[in-house]
Amino acid sequence: MDDPRRYLPAVDVLLCHQMMVHSPLSLRLKRRAVRELLAGERERLSRARVALRDVEQLAAAALDRARTLAASSAPSVFNLTGTVIHTNLGRAPLADSAIEAMTRAARQPLALEYDVDSGHRGDRDQVVESLLCELTGAEAATVVNNNAAAVVLTLSALGAGREAVISRGELIEIGGSFRLPDIMHTSGCELREVGTTNRTHARDFEQAMNEATGMIFKAHTSNYAVEGFTAAVEERELARIAHARDVPFIVDLGSGALTDMAALGLPNEARPDQSIEAGADVVTFSGDKLLGGPQCGMIVGSRAYIDRIRRHPLKRAMRVDKLILSALEATLRLYRDSDDIACDIPTLTLLTRPEHEIAATAERLLPALVECLPHMRVSIMSCKSQLGSGALPVDRLPSRALVVAPGRDERRSGERSLRLVETAFRQLPRPVIGRLHDGALWLDLRCLQGEDDEQAFIEQLGQLALKREHDS
């Protein structure tokens, strides 16, 4: 028998097919897709007795491959997980003004490290330093690529070779196995833990102070809570103990917030201005969590200590680029100037979204979801959203979810059907990311807001590629 591979069309034949010619994708990309497709076809035909696909089928397959190659490896998604500031989904969405500032910085040169007034070289911290000082009450500020870097840099610059005294109950571990004891060791500090897991007193810190003490370090327990028989030392008292020994008092706030969350009807969160007012010499916090800005880590505090941090060799390795600084500046300006910060910062908008508004969204979307999932049970259920990214781990926000569960006739194959549905949602053009819980797929609607989002969600529901158990 003839080898069927002999009858595969040439690359140029597929490239000249009408559907390939009319595709707006680049010729270079289409050519690569065709070559990869034909290589796969040769492999397929050599291994088994299979039918040779015609030119029409091959052209369509090549175009699909080209579209896959052109698609982003990090596509936009619908975050319906119930976690608003989701680390795996990019954390905080940016305000429009921050996006516009990044776009301008990307297109045009800007005075990043140039002093326009003097005509001499400047410092890139100048873009945001005055804003950070105004908002936190600090004397000086600098910015690095994330809060983990801020902690590493601060420890390295101010505590290397000396003891860092910290309460045993604050030896945190965050996502990605970022463990504070390991970070202290890497930064050259010697960990000196005091107190117990649930109770630490001022006398524990006072008794630990000696000639080797380099700092007192306080880590805000933003990703867990210790409740019950507990005791902790107030920041003002820790500052007094540190300053009596002439060593810095460092506070890592983790998430960090620049506005009174309680005033917005949200659970209270520690703020850098409160720590500065209490006597902290250096405070570190994130930009892309509760603050609602780009990913970065901010270090604010006394000028003497911030200057030492700036001079450390690691500072250059951890600095941020013009896009991040531009977005951060725009975000900080909103905190300084906005009359309605909950409206202007998207993260705060999502967190303060009224329950009745989310419920109305659920009612509008329910019929479309019922129609495209006839073999499943779809309902609206009350649920609790969480803030996410280590912020306020115990507190929850009332919300509504579209809940997809196996139909009555699918009890035996319920788990399989449910996973098919969950997978199908993830394979939509704009993937829908929910959470599997209690035998159902929960789509928390807190982060699906506005007519555009609702319309985009509904329009792609018809593409759900689902099969019932007996069809598989």
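This is a predicted model: local features need pLDDT of at least 70, side-chain atom pairs count only at pLDDT 80 or more; totals for chains, interfaces and linings use all residues.
**Entry 1: domains**

I began with the domain assignment, which divides the protein into domain 1 (4–70), domain 2 (78–88 + 349–462) and domain 3 (96–341).

**Entry 2**

I then followed the strands and found an open sheet of 7 strands with mixed pairing, running in the order S4-S12-S11-S10-S9-S5-S8. Which strands stand at the edges? They are strand S4 (140–144) and strand S8 (190–194), and each has a single partner strand, so one side of each is left without a neighbour in the sheet. From one strand to the next, the twist averages 25°. At the S4 end I checked the pairing in detail: S4 and S12 run antiparallel to each other over 5 bridges, and Thr142 stands opposite Ile299 in S12.

**Entry 2: the nonpolar cores**

The largest nonpolar core has 56 residues, and the members that touch the most others are Leu132, Ile216, Phe285 and Leu351. Helix H14 (residues 322–337) gives the largest share of this core, with 6 residues. I noted a second, separate core of 28 residues, which includes Ala157, Ala164, Leu180 and Phe217. As background to this entry, nonpolar side chains tend to be buried together in soluble globular proteins.

Lys289 lies in the loop between S11 and S12. Is Lys289 buried or exposed? Its relative accessibility is 10%, and because buried means under 20%, Lys289 counts as buried. For a distance check I took Ala231, which is 58 residues from Lys289 along the chain, and the C-alpha atoms of the two are separated by 27 Å.

The side chain of Asp288 meets that of Arg91 in a salt bridge, at 3.3 Å from N to O. I found Asp288 to be buried, with a relative accessible area of 5%, whereas Arg91 is partly exposed, at 22%.

**Entry 3: other salt bridges**

How many salt bridges does the model hold? The count comes to 30, and I followed several of them individually.

Glu36 forms one with Arg65, where the closest N and O atoms are 3.4 Å apart. Glu36 lies in helix H3 (residues 27–47) and Arg65 in helix H4 (residues 55–70), so this pair ties together parts that are 29 residues apart in sequence. Both partners are partly exposed, Glu36 with a relative accessible area of 29% and Arg65 at 33% relative accessibility.

Arg124 and Glu113 meet through their side chains in another salt bridge, at 2.6 Å from N to O. Arg124 lies in the loop between strand S3 (120–121) and helix H6 (129–136), and Glu113 lies in the loop between H5 and strand S2 (114–115), 11 residues apart. Arg124 counts as buried at 11% relative accessibility, while Glu113 is partly exposed, with a relative accessible area of 22%.

I also recorded a network of salt bridges that links Asp125, Glu129, Arg303, Asp307 and Arg310.

Finally I looked up Glu237, which lies in helix H10 (residues 235–244) and is partly exposed, with a relative accessible area of 26%. From C-alpha to C-alpha, Glu237 and Val251 are 13 Å apart in space, and they are 14 residues apart in sequence.

Notes:
Residues are numbered from 1 along each chain as its sequence is written. Side-chain values use heavy atoms; hydrogens and water are left out. A salt bridge is a side-chain nitrogen of Lys or Arg within 4 Å of a carboxyl oxygen of Asp or Glu. Helices (H or I, at least four residues) and strands (E, at least two) are DSSP runs, numbered from the N terminus. Buried means under 20% relative accessible area, exposed over 50%, partly exposed in between (1.4 Å probe, protein chains only). Two strands pair if DSSP finds at least two bridges between them. Axes are lines fitted to C-alpha atoms, for helices over the stretch in contact, and angles run from 0 to 180 degrees between N-to-C directions. A nonpolar core is a set of buried Ala, Val, Leu, Ile, Met, Phe, Trp, Tyr and Cys residues joined through side-chain atoms within 4.5 Å. Domain bounds come from an automatic or database domain assignment.
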